[in-house]
Amino acid sequence: MKCSCLFLYVINFVIAAAAQQCVDTDTITASCSNNSSHQQTADFFAWDVAQPPPLLSALFPNSTQLLSAWEAHPLLSKVSFAQHNQQNDQSTTNNNIPVILHDRSSILPLQSDTDSGDPLLSLLTVDDTISILSRPLMRNGVDYKLAKKIVHNGEEHLGMLPNPHYSIEEIIAHFHYGGFSVVIDRMHRRWGAVAVQARRLEEELNAIKVGVNMYLTPEVMLETETDKRNGHTRQGFEAHWDWMDVIVIQLSGRKRWSVANEPIVYLSNKDQKRKPTVEEIQHYGDARFSEFTLCPGDAIYIPRGHIHNASTVLLDDDELDHCPSSYPSEEMAKLLNVNGPSLHLTFGIEQSCEGKVESLLHHAINISLRFLPRKNS
């Protein structure tokens, strides 16, 4: 009886929380109505594993594994052209992030009959970012950011250049010699190929919105004083967490990542977004997966609320998680170039009301199960 009352109490609390989340913005409120663009009645989590969504299945070929990870834990999808026993490839430690290993054959169904380029890695190039930054009226701090992590009194902060306008030559100089990363916001409104993939994810996940930001971080150069002072790493952002689920696709270069193995805020929403405290960052240092490297073609799913950070670093050739050392062809080797700056896209997924309610109900059930009496074995 007590357990039933507790369960009903938690369910009522969850329904109230879901209602609060569904009125965060006018946009979300509209999506809770009978808007024609969001009339899908399919269960948010019940993807058909036999016929998985095209883009998601291309990024994460094991749909069952992605389904288990959704809103539960991060999941890495890594390119490898060797024959693998996935269980044995997880390393000898128990702290490795869950991983899907694949040879990119899952990407082929995305190939267009009219486009011979790689359907994912050709979404955006470094030259494309220069083209975007060269457009008139692009404003630093509004349309893009020149940013890097700084540490003051033991606390990490986001350092940004102050001027609203920089020439493309000045941006390139700050990038290469100052160690500043370039972040371009709202790429789904600036680049057609990126917009197409963002809309795909919206439809596949029944999401309110999928926004895309671009992150370009300079490679580490041994000879620069900046890199020596920073311990041969370059990082655009301090450790932080996002209030929405994110999928990161590495397009070129390589980047070392660190991701928490538990959320700082479970099923977070926009109003809960804040900077982690010093104590939370210290806890994150102990409660995180082993570091790993994203190489071209790799992707990672990070549930909302999980602290993470990323930087370009000097990688030894003997590292276990370095980019593939052999490729099926010279063309593939050129395509998956690991040298040079790191370029990745982050797809931010804002959940629909259906997704939020079901996530909260799952959470409520899990909480209630903790209080149920267990039979002695």
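Tyr301 is buried in this predicted model, with a relative accessible area of 0%; here buried means under 20% relative accessible area, exposed over 50% and partly exposed in between (1.4 Å probe, protein chains only). Trp70 also counts as buried, at 3% relative accessibility. Together, Trp70 and Tyr301 form an aromatic pair that is stacked, at 4.4 Å centre to centre and 10 degrees between the planes. Rings of Phe, Tyr and Trp (its six-membered ring) are paired if their centres lie within 6.5 Å, with planes under 30 degrees apart counted as stacked, over 60 as edge-to-face and the rest as tilted. The structure holds 1 aromatic pair. Trp70 belongs to the loop between helix H4 (63–69) and strand E1 (75–79), and Tyr301 to strand E11 (residues 299–302), so the pair ties together parts that are 231 residues apart in sequence. Helices (H or I, at least four residues) and strands (E, at least two) are DSSP runs, numbered from the N terminus.

A few conventions apply throughout. Residues are numbered from 1 along each chain as its sequence is written, and side-chain values use heavy atoms, leaving out hydrogens and water. As the model is predicted, local features need pLDDT of at least 70 and side-chain atom pairs count only at pLDDT 80 or more, while totals for chains, interfaces and linings use all residues.

The loop between H4 and E1 also holds Ala72, which is partly exposed, with a relative accessible area of 42%. Not counting residues up to four places away in sequence, Ala72 touches Pro303 and His306, where contact means heavy atoms within 4.5 Å.

Turning to charged groups, the structure holds 9 salt bridges, each defined as a side-chain nitrogen of Lys or Arg within 4 Å of a carboxyl oxygen of Asp or Glu. One of them joins the side chains of Lys78 and Asp298 (2.7 Å, N to O). This pair links distant parts of the chain, with Lys78 in strand E1 and Asp298 in the loop between strand E10 (292–294) and E11, 220 residues apart. Both Lys78 and Asp298 are buried.

A salt bridge also connects Asp185 and Lys145 (2.8 Å, N to O). Asp185 lies in the loop between strand E5 (181–184) and helix H7 (192–205), and Lys145 in strand E3 (residues 144–152), 40 residues apart; both residues are buried. Within H7, the side chains of Glu202 and Arg199 meet at 2.9 Å, N to O, and these two residues are separated by about one helical turn because they are 3 residues apart in the helix. Glu202 is buried at 18% relative accessible area, whereas Arg199 is partly exposed at 30%. Arg139, Asp143, Arg186 and Arg190 are linked in a network of salt bridges.

Charges also sit over rings, a label given if NZ of Lys or CZ of Arg is within 6 Å of the ring centre and within 35 degrees of the ring normal. Lys148 lies over the face of Phe180, at 4.7 Å from the ring centre, and the charged end of Lys273 sits over the ring of Trp241, 4.9 Å from its centre.

For the chain overall, there are 11 helices and 13 strands, and buried residues make up 47% of the 377 residues. Among contacts between residues at least 6 apart in sequence, 79% join residues at least 24 apart.
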